[in-house]
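Open the model in your viewer and keep the selection panel at hand. The tour goes stop by stop.

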Amino acid sequence: MSNRRDFIKKAAIGAIGIGHVLSPINANVKISKGFVTAKKANKPLIISTWNHGLAANKEAWEQLKKGSSSLDAIVSGVGIPEADPKVRSVGYGGLPDKEGKVTLDACIMDHNSDCGSVSFLQGIKHPIAVAKKVLENTPHVMLSGKGALQFAVSEGFKEENLLTLESRKRWEKWLENSKYQPVINSENHDTISMLVLDKEGNLSGGCTTSGAAWKMHGRVGDSPIIGAGLFLDNDVGAAAATGLGEAVIRTAGSAMVVELMRQGKTPFEACKEIVERIYNKHKNHKDMSFLQVGFIAVNKKGDYAGYSLKPGFNYAVYDSENGNHMEDSAFKMVKK
Ligand code: SD4
């Protein structure tokens, strides 16, 4: 748990300040060699980011076993951390923005490249379910803010307060000590992204988050953006991201991971290359402590991997042979 916190805290400090802090590379950073190659799993296969991925995978697996569609399995699966007030990075109980508002981002995509997304959504506990409705019931891919809320309500979703007492307390504490500048945001968040390779070999994925804590009101991260927080091509593979959304958006991270797999890279090689690309785009920053990103990826054959910039990222993997278990991601940088 503390690893995940550190991971994101490090990513947070410069969330808004990336453009301002340019100076030579931090000498306190050592580059490590990747140490894990892609693993192969039987179909179906479910991979989700972070420890809360275990409960999400379990639920999604049950749904697949019952014959639910992959999209329904994803909605139910990631719906577990969305509804859990102790998970302060997703859905109900997520840490709010700097104005004390919980604003949520989510997207979902299927093997036909149909997708739905909501961003800057307030007052709805299960943004992933709303994203699925966008996919199914609108001619659009993405709805945002008030429009997304209006749509959710019209689809029968209940509006409710998502700011729990505990999250409110943390926000009040942050207000006390902060100078109320976005650049000193401190984030404690970890998005859940889930990738599914079903028994027919079709790919789908979903992603849901409350995003960066103490973010500017209106800020949207990578998680609801198809191609950034999530991307798949059923001919090739699927990828999803966690970490500093701004860095992932800048590089169209998940889309690029999939494109590299199309060119023949393994999921491991593809995730590693994009993490390195992100590193290279930011390596002249004096202080790299603001930056963390991690990717998970799976190809059509069931090879999968994760890779992150810094240590601490892990993901939950469920397949019939090995059951539901956590795996630690390989990473690029080791701090001295
Ligand atoms: C964001 N990428 O809003 C998300 C947050 C996240 O692990 O992934 N945390 O920037």
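In what sense do β9 and β10 pair, and over how many bridges? Select residues 230-233 for strand β9 and residues 237-243 for strand β10. The two strands pair in the antiparallel sense, over 4 bridges. Keep in mind that this is a predicted model.

**Stop 1: the hairpin**

Look at the link between the strands. β9 and β10 form a hairpin, with 3 residues between them. Now pick D233. Opposite D233 stands G237 in β10.

Show the side chains of β9. L230 and L232 point one way. F231 and D233 point the other way. All four of these residues are buried.

**Stop 2: S254**

Select residues 253-262. This is helix α8, and S254 lies in it. Is S254 buried or exposed? S254 counts as buried, because its relative accessibility is 0%. The cut-off for buried is under 20% relative accessible area.

Next, draw a distance from the S254 side chain to the backbone oxygen of G229. The side chain reaches that oxygen at 3.4 Å.

Which residues surround S254, leaving aside neighbours within four places in sequence? Select G227, A228, G229, L230, F231, A239, A240, A241 and F295; S254 is in contact with each of them.

**Stop 3: helix α5**

Move to residues 145-154, helix α5. Colour G145, A148, L149, F151 and A152: these are buried. They cover an arc of only 160 degrees around the axis, so they sit on the same side of α5. Turn the helix over. On the other side, K146, Q150 and S154 are exposed.

Then step past the end of the helix. α5 is followed by G156, which has a positive phi, near 95 degrees.

**Stop 4**

Two packed helices are described by the angle between their axes and the distance between the axes.

Start with α3, residues 70-83, alongside α4. The axes of α3 and α4 come within 8 Å and cross at roughly 155 degrees. The cut-off for roughly antiparallel is over 145 degrees, so α3 is roughly antiparallel to α4. To see the contact, show L71, D72, V75, V78 and E82 in α3. They meet P127, I128, A129, K132 and L135 in α4.

Now bring α5 back. Its axis and that of α4 come within 10 Å and cross at roughly 80 degrees. That angle makes α4 roughly perpendicular to α5. Here V130, K133, V134 and N137 in α4 meet A148, F151 and A152 in α5. A148, F151 and A152 are among the buried residues of α5.

**Stop 4: N137**

End on N137, in helix α4. N137 is partly exposed, with a relative accessible area of 44%. Which residues does N137 touch, not counting those up to four places away in sequence? They are F151 and E155.

Select E155 together with N137. These residues are 18 apart along the chain, and their C-alpha atoms are separated by 9.2 Å. Switch to the side chains. A polar contact of 3.2 Å joins those of N137 and E155.

Note on methods
Residues are numbered from 1 along each chain as its sequence is written. This is a predicted model: local features need pLDDT of at least 70, side-chain atom pairs count only at pLDDT 80 or more; totals for chains, interfaces and linings use all residues. Side-chain values use heavy atoms; hydrogens and water are left out. Buried means under 20% relative accessible area, exposed over 50%, partly exposed in between (1.4 Å probe, protein chains only). A polar contact is a pair of N or O atoms within 3.5 Å; within protein, one must be able to donate a hydrogen and the other to accept it, and residues adjacent in sequence count only if both atoms are side-chain atoms. Contact means heavy atoms within 4.5 Å. Two strands pair if DSSP finds at least two bridges between them. The arc is that of the directions from the helix axis to the C-beta atoms. Axes are lines fitted to C-alpha atoms, for helices over the stretch in contact, and angles run from 0 to 180 degrees between N-to-C directions. Angles under 35 degrees count as roughly parallel, over 145 as roughly antiparallel, 65 to 115 as roughly perpendicular and the rest as oblique.
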